[in-house]
Amino acid sequence: MQNTENTNECIKWIEEAISKEYFRLYEHKYFSNVQRIGTGGFGKVYRVNWKNSDQYLALKSFSNVDDVIAKEIVHELKLQRDIQFHNNIIKFYGVAQFEPEYQNVQSKNYLLVMEYADSGTIKNYLKENFNNLTWSNKCNLAYQLASAVACLHNEGIVHRDLHSGNVLVHQNIIKLSDFGLSKRIESSSNTKTKFFGCVPYVDPKRFSGRNKNKKLNEKSDIYSVGVLFWELSSGQPPFATEEYDIDLALEISQGRREEPILNTPENYIKIYTECWDNEPDNRPTMNQVLERLKEIITKTTENHQPGLNLQSTSTDEQNFNSINIDTSNINNSLHGEMSQIIENFDKMNTKEIVYKTLTNEDISSEIKLSKIVNDIVNYIFKITSEGKNPASNKHILDYFNDNNINSQEIHDWLLINQNNSDSIFLLGYFNYLGIETIKDRKKALNLFTKASEQTHILAKFYVKLINWQIYHQSRELSRHPKSLFD
Ligand SMILES: Nc1ncnc2c1ncn2[C@@H]1O[C@H](COP(=O)(O)OP(=O)(O)OP(=O)(O)O)[C@@H](O)[C@H]1O
């Protein structure tokens, strides 16, 4: 959370959701043996035992979110009820409120209570198990992933952040995670960091910042699925030996893709290459992908390769390595509680929370301005990567004109809103080009440096650019000292 006020606001929303029984609140006593297992974009992740059984659950803290995002998370979690029972989608059970790392400390922070995936991310799973996987297994994993994404799409939900760190595996079964949340978190301060952190999975159309309509967003998921299918065939993340940076983003947007792995079935290659087609309209839908995978799997089975069965609708107890654990008690009890919560959902006006947010003038104008700032930065990213002169203000002024953006208003807002790297960068950019202020390269450099310390890629570029300009000017001056007086 960004400050105490936001923290209180966020807590208020969650408490309201609990009091209206949108979520079940689990008391501390339900959990034992808390172990930290990871840290993500919006907090830490813990593994706990349910009561004193052997059953694990995952608890996810969300301490790095502001109140606007928290409210949206509340809304998104309500939407998830329609897909809770898909076997390839991680289940959300409710929230808990305690401090996992310190006993007896009263905590106001909430934790999401979720299904635990024992192999962690698919990236990790492939690292540890790839050599033991047959083609049947890989196709099966691909099918499960496609099935989870198709389920989201059929419910009108777009994941928008599919990569091998968001796809989890439990008992060899795919468990898709972080949908809904990820697209909200994306609007928080570290957008560019996240963006570049998984650049090979991102639809290249998004590099141009033009993915505004829903259809394109669904097609963007399909692009990422294509890359994940390749990853399933190789066992490694794409471009694993290269830095995920602006250069790679540019090469991908110019058509660069990973090479097929030797012995991959032709029809499997065909599916993922169509999925990662540069042109979204040429990509198949997720339902079409499912159909085609089903064909591959059925054919392989007809060719007497035992062990290939479609698992997306099967239960957790079935999996291709036949590892059986008795989860019946805990699952029944949690599912029982879950159906209770769902019953409660249905009695409520689920639209209430989000609409309340949007009618609040202050918040919506804040959202509007931070969205405009985000769009401007995306546009600067686009023109910079297209090689347009970064020291010219022509393109950005045209952009302001074309989009009816009042640059004075943006500048004034930036002066008092320097709480994320995009805003810091943009104020630097205004100073660099002398927009709504006098040109001040020193001030611009300071701001770019500050933003680049928060791993803002574009700011890094401008720091380099200014340093390069200073270097060349000083060389020029030493060669022609007279020019000092020109
Ligand atoms: N339900 C879960 N079961 C088991 N491990 C999990 C679970 N959820 C998360 N993890 C582990 O915790 C790590 C952090 O997860 P988290 O989803 O918070 O972050 P992320 O995916 O890396 O980033 P972001 O929050 O920005 O999507 C993951 O990489 C994974 O190893």
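A charge sits over a ring if NZ of Lys or CZ of Arg is within 6 Å of the ring centre and within 35 degrees of the ring normal. This is a predicted model, in which local features need pLDDT of at least 70 and side-chain atom pairs count only at pLDDT 80 or more, while totals for chains, interfaces and linings use all residues. Residues are numbered from 1 along each chain as its sequence is written, and side-chain values use heavy atoms, with hydrogens and water left out.

Q: What makes K138 a charge over the face of W135?
A: K138 lies 4.8 Å from the ring centre of W135 and over its face, so the distance meets the limit for a charge over a ring. R24 is likewise placed over the face of Y26, at 4.6 Å from the ring centre.

Q: Why is the aromatic pair of Y26 and W50 called edge-to-face?
A: A pair of aromatic rings is described by the distance of the centres and the angle of the planes. Rings of Phe, Tyr and Trp (its six-membered ring) pair if their centres lie within 6.5 Å, and planes under 30 degrees apart count as stacked, over 60 as edge-to-face and the rest as tilted. The centres of Y26 and W50 are 5.6 Å apart, with 80° between the planes, so the pair is edge-to-face. By this rule the count comes to 22 aromatic pairs.

Q: Why do Y26 and W50 count as buried?
A: Buried means under 20% relative accessible area, exposed over 50%, and partly exposed in between (1.4 Å probe, protein chains only). Y26 has a relative accessibility of 2% and is therefore buried, and W50, at 4%, is therefore buried as well.

Q: Why is T273 called partly exposed?
A: The relative accessible area of T273 is 32%, so this residue is partly exposed.

Q: How do you know that the buried residues of α14 line one face of the helix?
A: In α14 (residues 394-402), I396, Y399 and F400 are buried. Seen down the axis, the buried residues of α14 fall within an arc of 100°, so they line one face; the arc is that of the directions from the helix axis to the C-beta atoms.

Key: Helix = DSSP H or I, 4+ residues; strand = E, 2+ residues; numbered from the N terminus.
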